[in-house]
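Colleague: Could you walk me through this one? I'd like to hear what stands behind each label.

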Amino acid sequence: MSKEVVKVENVSMKFNLMENKVDNLKEYVIKLLKNELRYQEFWALRNISFTVNKGDRLGILGLNGAGKSTLLKVIAGVLKPSEGKITVKGMIAPLLELGAGFDPQYTGAENIYLYGAVMGYSRDFIREKYDEIVEFSELGDFINVPVKNYSSGMKARLGFAIATIVEPDVLILDEVLSVGDAKFRKKSEKRILDMFDKGATVLFVSHVTEQVMAICDRAIILDKGRLVANGPAEEICNLYDEKFIGVKKDGKETVKNK
Amino acid sequence: MNSAIKNFKKYRYLLYELTKKNIKLKYRRSYLGILWTLLEPILTTIVLTIVFINFRGKKDHTFPIYILTGRLLYSFFSQATKQAMKSIRRNSGMIKKVYVPKYIYPLSDILSNYIMFAISLIVLFGAMFIFKVYPTKYIVYSVIPLFLILMLSLGFGLILATMAVFFKDMEYLWEVTLMLIMYTAAIFYDASKIKAQWVFYCNPIYHIIVNFRNSIYGNPLDKQALLISMAYCISSFIIGVILFYRKQDKFILYI
C-alpha cells in the first residue's frame, strides 16, 4: 500500500537573476564586450528530498518566497530542476490558476477540447465527458459564447470542471480553492473531497496551518528554499506556528481568520 | 528517443487541436473566411503581374504561373516561420502552468500554415489550366520541393523560436531578412538575367522554387538545385532541433 508516488531526490533550483535584465541583442553584445554580464545566483530550492506515498496528503508550509510554488512547478514538470531528480508515477492534475490556458477567442465548448488536450486527455475521453463538464460548470447556453465574454467566475468554473474530470493520481492544490459563488464552492469542495476518498495523493500548499491540519496528514516546512521539517501534520503545524509566525499553541486564535 | 516517441503519441491530439485552432481562428469573423486562402494569392499575383509584366522583354503568357509558383512557396515560408518564431512567447501562459512538450507550439504553427498553403495550391491548378500550362508526368516530382519547404520552415521555425525567446529583436530582424529573401528569390523576375549569381546561392528558398517550377512547367528536377536545397533543409532542421532541445528548459525563465 505504501507505494511511492512522488519522489523528490536532492532537488535544487537555481535562478540567474541578472542585475538588469538584458533581452535584446544590442545590450547583450555591449555588456558582453564590457564584461558586465553579471548574474546573481539565487537558489529557490536547495537540496530538497522527500517522498510521498500513495494516498498521502502532504501539506507544504512556508512563508512567501520560501519556494513553495517553485517546488510545485518542479513536481508538475513545468520547471526542470537545476540539480536532482523528480519521479512522479501516474497522472498529475495541477489545480493552479484555473483557466489560464483558455483561448479567449474560442468558445467554451471549443476550449473544453483545447484545454483537455493540454491536460493530455484523449479526444474520445473528452467527448465522452463533455456533457458532464458542461453540466458541472453550470454554464448552460454560455458554452457557445467566446470565453473573452465570460466573467472570471465563469472561467474558473469551466477550468475547474475540466481539470477535475479525471481521477488523478496526484492532485496539486495551491491555497484553498475559492471558485465562483458559495454554491459552486460547496460543489467543488465536495468533488475534491471525493477525490480524497478515492485515495488520490494530494500536495497542498498553504501558509495557513488550520487548513493544512484539516486536509493533510503529513506536512513539510520550507524556509528560504530549504526543507526544515518533515513529519505528521499536527506536529509540523505547531512547529510552524511557533517558529515562523510566533504564536504559541494556545494563542492560535490570532491567525484563525486569515 | 523511445520516450520522446511515447510522449509525442500522448500529445498528438494536442497538436491536432492547436493546428485546428490556428486555422479556425485565422479567418474567424471575416466574411469570406477560408476563401481568403484562395483570394489572397490570386490578388497578389494579379498585382505582381501588372507591375512586372513590362520588365519582361518578350510577351510571356505564362508569367502569372511563374509568379504564383514562387509567391506561394515564399508566402508559406514567411508566414510559417514568423508565426513559429513567436509561438513560445504567445503561449507563455500555458507553458508556465502545464507541462507540454514545447516543440508542439512551433510545430502546430508550421502545420496549420502548411495546410492553408496546400489549400491555396488549388489556385495554382486553376491558373495552370487558364494559362495552358498543362501538367505532365513531372508534376509528380513536385512533392519533393513541397516536402523540402516544409522541412526548411520547421528548421528555421525552431531556430527562430529559440532565439526569439532570448532576444526579442529577432522578430524585427527576421522581418527584414524575409524581405531580403523575397527579393533575392526570383519570384517576379528571371534569375538568369541577374549578374550576381551568388545571391541565389545564399537564398534558402530559391532552389526549392526552381525545382517546384520545373515540375509545374513539365521539366525534370535540376539536380544541382536539388542538392543545394536539401543541404539547406537538412542543416537547418538539424541545427533547429539541437538548438531547441538544448535550450527549451530555459525558456520559462525568460518568458
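Colleague: Let's start in the sheet: which residue of E7(A) is the bridge partner of A:Asp174?

Modeller: In E7(A), A:Asp174 has A:Val205 as its bridge partner. Before we go on: this is a predicted model, where local features need pLDDT of at least 70, side-chain atom pairs count only at pLDDT 80 or more, and totals for chains, interfaces and linings use all residues. Residues are numbered from 1 along each chain as its sequence is written, chains are lettered from A in the order in which they are written, and side-chain values use heavy atoms, with hydrogens and water left out.

Colleague: What makes E6 and E7 of chain A a pair?

Modeller: Two strands (DSSP runs of E, at least two residues) pair if DSSP finds at least two bridges between them. Strand E6 (residues 170–174) and strand E7 (residues 201–206) of chain A have 5 bridges, in the parallel sense, so they pair by that rule.

Colleague: Why are E5 and E9 of chain A said to stand at the edges?

Modeller: The chain A sheet is open, with 6 strands in the order E5-E6-E7-E3-E8-E9 and mixed pairing. Strand E5 (92–95) and strand E9 (226–232) each have a single partner strand, so one side of each lacks a neighbour in the sheet.

Colleague: What packs on that sheet?

Modeller: Helix H6 (residues 182–197) of chain A, touching E3, E5, E6 and E7 of chain A; touching here is contact, meaning heavy atoms within 4.5 Å.

Colleague: On to the interface: how many residues are in contact between chain A and chain B?

Modeller: 32 residues of chain A meet 28 residues of chain B. The buried area (accessible area, 1.4 Å probe, lost on being put together, summed over both parts) is about 2800 Å², and carbon and sulfur atoms give 61% of it. A:Val78, A:Tyr106 and A:Val118 supply 21% of the area that chain A buries against chain B, more than any other three residues.

Colleague: Why is A:Asp103 with B:Lys21 called a salt bridge?

Modeller: The rule wants a side-chain nitrogen of Lys or Arg within 4 Å of a carboxyl oxygen of Asp or Glu. The closest N and O atoms of A:Asp103 and B:Lys21 are 2.8 Å apart, so the pair qualifies. It runs from the loop between E5 and H3 of chain A to helix H1 (residues 2–26) of chain B.

Colleague: And what makes B:Asp249 with A:Lys80 one?

Modeller: The distance there is 3.4 Å, N to O.

Conventions
Buried area is the accessible area (1.4 Å probe) that two parts lose on being put together, summed over both. Helices (H or I, at least four residues) and strands (E, at least two) are DSSP runs, numbered from the N terminus. Axes are lines fitted to C-alpha atoms, for helices over the stretch in contact, and angles run from 0 to 180 degrees between N-to-C directions.
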